[in-house]
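Subject: Structure handover

Hello,

Here is the structure we spoke about, with the sequence alongside. My notes follow below.

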Amino acid sequence: MASNVVQTVVVGAGVVGLAVARALALRGHEVIVLEAGPMIGVGTSSRNSEVIHAGIYYAKGSLKAEACVKGRQLMYDFAKNYNVPFNNCGKLIVANSSEELRMLDGIIEKGKGNGVDDLRIISNDDAKALEPECQCLGAILSPSTGIIDSHSFMQALQGEAEDNGTFLVYNCTVEGGEVLEGDDAGLTKLIFKQDDPDGGEPSVESIYCKNLINTAGLYAPDLANSLVNFPAAAVPSPYFAKGNYFSLQGQSPFKRLIYPVPLKNTAGLGVHATIDMMGRTKFGPDVEWLEDFDFEKDYNVDETRAESFYAEIRRYYPNLKDNSLVADYSGIRPKISGPGMAAEDFRISAIEDHGVKGHVHLYGIESPGLTSSLALAEMISDIDRIGGGLYT
């Protein structure tokens, strides 16, 4: 029989993994979080726009829509209760052509269908009154959009998870494992490589768990595929869409977020303007499809991409000066749909999807993953609460 059995292992200490660990720890689970990086949130969770999304763009009835709208309110409440810095600054979605103007009503209706009932169309004069530097023919005002200090948010999640018994292990890369059968049926063995803090050779260790929650983000499909006796047919193919950001030198021209009307059949929402908690402006992300993903190389930002940024930004910010953009950072979207394919929804893969009790795998948790994190954690907790999906 297996020894050193843990009730629940969460793989990945990004924002979703931390939220899930906290939710299950609050329900009394013994939780260990295995994180490949040296600290929390070193991957996708720290490489986004830090936007609290309203829930406007997603298909009615989709998991993205449900989790975003619910998660937005949960996030605002959490930030207030735990003193996490945030700014409910609002957002303008700006139209700069007659075709884009005609699209505004459809965006409003999609938002209403998702439960976002505070959107309204404003004239170019009204938009100018709110944001004098913004040029548009008309816009949608989204009052419930905001920004948050994502690292402070993750630290707060970590703190409460640890206060309730969660143990985090860093520099710990899961190499594979096995869904056990026979006398050890109901357990999963995980094999992981643990870095030596003194710089020596990494050690190879193993741990057994009743429940495995896969929140590995970019690596979630690879992790699922590395498990012997886990059905490969239940694992989606991964795709990687890089998003580059450029920061603006000097004082921010905006107090709110400025988004273009999203184009159809694209992997993102267009190059938009966001502000951070210090009031600085950054622009991005664009979309750059990658064949594969190399952590050491692919986070670099190619400064030559700024040329296309200037053209897109000047559609709504014509006073953008030459040579005012500086290459900043990038992130990789953990997609499960590729170029030219219909966008996939978030996927929470549980027992009804793959037949393995104790396993929950999260795939394609891209934007609005940050906003949705607390709602997704509640959904995982509900899998435990209703029974059958997780071992208590």
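In which loop is His53 found? His53 is in the loop between strand S3 (51–52) and helix H2 (63–81). Before going further, please keep in mind that this is a predicted model.

**His53 and its surroundings**

His53 has a relative accessibility of 8%, and because the cut-off for buried is under 20%, it counts as buried. Its side chain makes a polar contact of 3.4 Å with the side chain of Ser367. Apart from neighbours within four places in sequence, the residues in contact with His53 are Tyr58, Cys68, Arg72, Tyr259, Leu269, Ser367, Pro368 and Thr371.

Two of those contacts, Ser367 and Pro368, are joined by a cis peptide bond, with omega near 10°. Pro368 is placed in the loop between strand S21 (359–363) and helix H9 (369–386).

Strands of a sheet pair through backbone hydrogen bonds, which may be parallel or antiparallel. Here, S3 and strand S8 (residues 146–148) run antiparallel and are joined by 2 bridges. Ile52 stands opposite Gly146 in S8.

Nonpolar side chains in soluble globular proteins tend to be buried together. The largest nonpolar core in this model has 44 residues, and Phe153, Ile213, Ile348 and Ile380 are those with the most contacts inside it. At least two residues of this core come from each of helix H1 (15–26), strand S2 (31–34), H2, helix H5 (150–163), S21 and H9. H1 gives the most, with 9 residues.

Ile213 shows which parts of the chain meet here. Leaving out neighbours within four places in sequence, Ile213 is in contact with Thr8, Val9, Val10, Val11, Val20, Leu24, Val360, Leu362, Ile380 and Leu390.

**Helix H1**

How many of the 12 residues of H1 are buried? The count is 11 of the 12, so H1 is largely enclosed by the rest of the structure. The buried residues are Val15, Val16, Gly17, Leu18, Ala19, Val20, Ala21, Arg22, Ala23, Leu24 and Ala25.

From its first C-alpha to its last, H1 reaches 16 Å, close to the 16 Å expected at 1.5 Å a residue. Just after H1, Gly28 takes a positive phi of about 95°.

Ser381 is found in H9 and counts as buried, at 4% relative accessibility. Not counting residues up to four places away in sequence, Ser381 touches Ala23, Leu24 and Arg27.

**Helix H3**

Helix H3 (residues 98–113) has 16 residues, which should span 22 Å at 1.5 Å a residue; the end C-alpha atoms are 24 Å apart, which agrees. H3 bends by about 25° at Leu104. Leu104 is one of the buried residues of H3, together with Glu100, Ile107, Ile108 and Gly111. The elements that cover these buried residues include strand S5 (91–95), strand S6 (120–123) and strand S7 (138–142). Just after H3, Gly115 has a positive phi of about 95°.

**Backbone points to check by eye**

- Gly284 to Pro285 is a cis peptide bond, with omega near -5°. Pro285 is placed in the loop between strand S17 (281–284) and strand S18 (288–290).
- Asn83 is not a glycine, yet has a positive phi of about 55°. Asn83 is in the loop between H2 and strand S4 (86–87) and is exposed, with a relative accessible area of 69%.
- Asn229 is not a glycine either, and has a positive phi of about 75°. Asn229 is in the loop between strand S13 (227–228) and strand S14 (239–248) and is partly exposed, with a relative accessible area of 38%.

Regards

How values were computed. Residues numbered from 1 in each chain as written. Predicted model: local features only at pLDDT ≥ 70, side-chain atom pairs only at ≥ 80, totals over all residues. Heavy atoms only, no water. Helix = DSSP H or I, 4+ residues; strand = E, 2+ residues; numbered from the N terminus. Buried < 20%, exposed > 50% of the residue type's maximum accessible area, 1.4 Å probe, protein only. Polar contact = N/O pair within 3.5 Å; in protein donor to acceptor, adjacent residues only side chain to side chain. Contact = heavy atoms within 4.5 Å. Expected span 1.5 Å × (residues − 1). Bend = angle between axes of the 7 residues up to and from the residue. Pairing = 2+ DSSP bridges. Core = buried A, V, L, I, M, F, W, Y, C linked by side-chain atoms within 4.5 Å.
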